[in-house]
Amino acid sequence: MPRGRRARHASQQQVYSQNLSEERQNIIRANARLRQRVSTRRSLASYNRLAFQYDPTANYNDDENLDIGPMTTICRYCNALKFKRETAGLCCASGKVKLDPLLTPPQPLKSLFDGSDPDSSHFLQHILEYNNCFRMTSFGANIIREGGFMPTCKIQGQIYHLHGSMVPTPDEPHQFLQIYFISSMVDQLNVRCNILGTQQLKRRIIEQLQAFFHANNAVVNMCEDSMHPPLMMLLQLLLAIQLNRETLSFSEEAISCIV
């Protein structure tokens, strides 16, 4: 075979091999995509409504489809920790949203949150119960209760806060906002420590938080100011009016107190 024809034949063979190799690779990639779609379809079918059929004996940690991995990705704009496949602009819209840095909390909150307090882990574990010791109102709503498993709280109508009267009736204990109107700090502390569900809390932490709120919270300071004699007389008058709504009669002394 002449040299020119031999070279042309070798070139054709090389092109044919390249085309065959590319076609084979395309087939391999197409088969891989098909297997991935089938696997995904099977996974979606097997995980559909899986939360409603939760098996406590199953080890879900071994399933790679349920593991989203650690938060190792750091946003280059706000330094937020993110998951590997999390949307890029989900935290700060790629630098468009800029928040002021968080201020260092005052004591005793700082030591309770950063772990320097010996009871920090206990506080963080029971933080909801500690919060309930100092709430001023209770939650009110028409809660809808349905049969079976309800993963969310469902309400109808308006959400409101119940605060009640500023001082309790003689046959009722102090609760919510009424505790702040107790003149003695020791008595306030005793009432908070006896609230239902606070038996596992520590008196020292409640006392520290109580002193913190009285020193820094504007609403609590208003309650303290109302304990002065003229305002206290007004509170007592308002309580008497509330307890005797049916027959109200005002004397000149009562009217002068209001004025």
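This is a tour of a predicted model, stop by stop, with what to select at each one.

**Before starting**

Residues are numbered from 1 along each chain as its sequence is written, and side-chain values use heavy atoms, with hydrogens and water left out. Because the model is predicted, local features need pLDDT of at least 70 and side-chain atom pairs count only at pLDDT 80 or more, while totals for chains, interfaces and linings use all residues.

**The whole chain**

Select the chain and colour it by secondary structure. It comes to nine helices and four strands; helices (H or I, at least four residues) and strands (E, at least two) are DSSP runs, numbered from the N terminus. From the N terminus on, the order of elements is α-β-β-α-α-α-β-β-α-α-α-α-α.

Of the 259 residues in the chain, 19% are buried. Buried means under 20% relative accessible area, exposed over 50%, and partly exposed in between (1.4 Å probe, protein chains only). The accessible surface of the chain is about 20300 Å², and 55% of that belongs to carbon and sulfur atoms; accessible areas come from the Shrake-Rupley method with a 1.4 Å probe, and for residues only the protein chains shown count as cover. Among contacts (heavy atoms within 4.5 Å) between residues at least 6 apart in sequence, 42% join residues at least 24 apart.

**The loops around β2**

Select Asn-79, in the loop between β1 (73-74) and β2. Asn-79 is exposed, with a relative accessible area of 59%.

Move to Ala-93, in the loop between β2 and α2. Its phi is near 55°, a positive value in a residue other than glycine, and Ala-93 is partly exposed at 30% relative accessible area. Ser-94 lies in the loop between β2 and α2 and has a positive phi of about 55°, although it is not a glycine. The relative accessible area of Ser-94 is 37%, so it counts as partly exposed.

Further along, select Gln-107 and Pro-108. The peptide bond from Gln-107 to Pro-108 is cis, with omega near 5°. Pro-108 is placed in the loop between β2 (81-82) and α2.

**The nonpolar core**

Which residues have the most contacts inside the largest nonpolar core? Select Phe-123, Tyr-130, Phe-134, Tyr-180, Ile-205, Ile-206 and Leu-209; the core has 18 residues. A nonpolar core is a set of buried Ala, Val, Leu, Ile, Met, Phe, Trp, Tyr and Cys residues joined through side-chain atoms within 4.5 Å. The elements that give two or more residues to this core are α2 (109-114), α4, α5, α6 and α7 (218-225). The largest share, four residues, comes from α6.

**Helix α6**

Select residues 203-216, which make up helix α6. At 1.5 Å a residue, its 14 residues should span 20 Å, and the end C-alpha atoms are 20 Å apart, which agrees; the expected span is 1.5 Å times one less than the number of residues. The buried residues of α6 are Ile-205, Ile-206, Leu-209, Gln-210, Phe-212 and His-214. Leaving out residues up to four places away in sequence, Ile-205 touches Leu-112, Asp-119, His-122, Phe-123 and Tyr-130.

**The aromatic pairs**

Show the ring side chains: the structure holds four aromatic pairs. Rings of Phe, Tyr and Trp (its six-membered ring) pair if their centres lie within 6.5 Å; planes under 30 degrees apart count as stacked, over 60 as edge-to-face and the rest as tilted. Phe-123 and Tyr-130 form a tilted pair, 5.4 Å centre to centre with 45° between the planes. Both Phe-123 and Tyr-130 are buried.

Next select Phe-134 and Phe-213, whose ring centres are 5.0 Å apart with planes at 50°, so this pair is tilted. Phe-134 lies in the loop between α4 (127-133) and β3 (138-144) and Phe-213 in helix α6, so the pair ties together parts 79 residues apart in sequence. Phe-134 is buried at 8% relative accessibility, whereas Phe-213 is partly exposed at 24%.

**Around Tyr-180**

Select Tyr-180 and Arg-192. Arg-192 lies over the face of Tyr-180, at 4.5 Å from the ring centre; a charge sits over a ring if NZ of Lys or CZ of Arg is within 6 Å of the ring centre and within 35 degrees of the ring normal.

Finish at Gln-188, in helix α5 (residues 185-193). Gln-188 is buried, at 1% relative accessibility. Neighbours within four places in sequence aside, Gln-188 is in contact with Ile-179, Tyr-180, Ile-182, Gln-210 and His-214.
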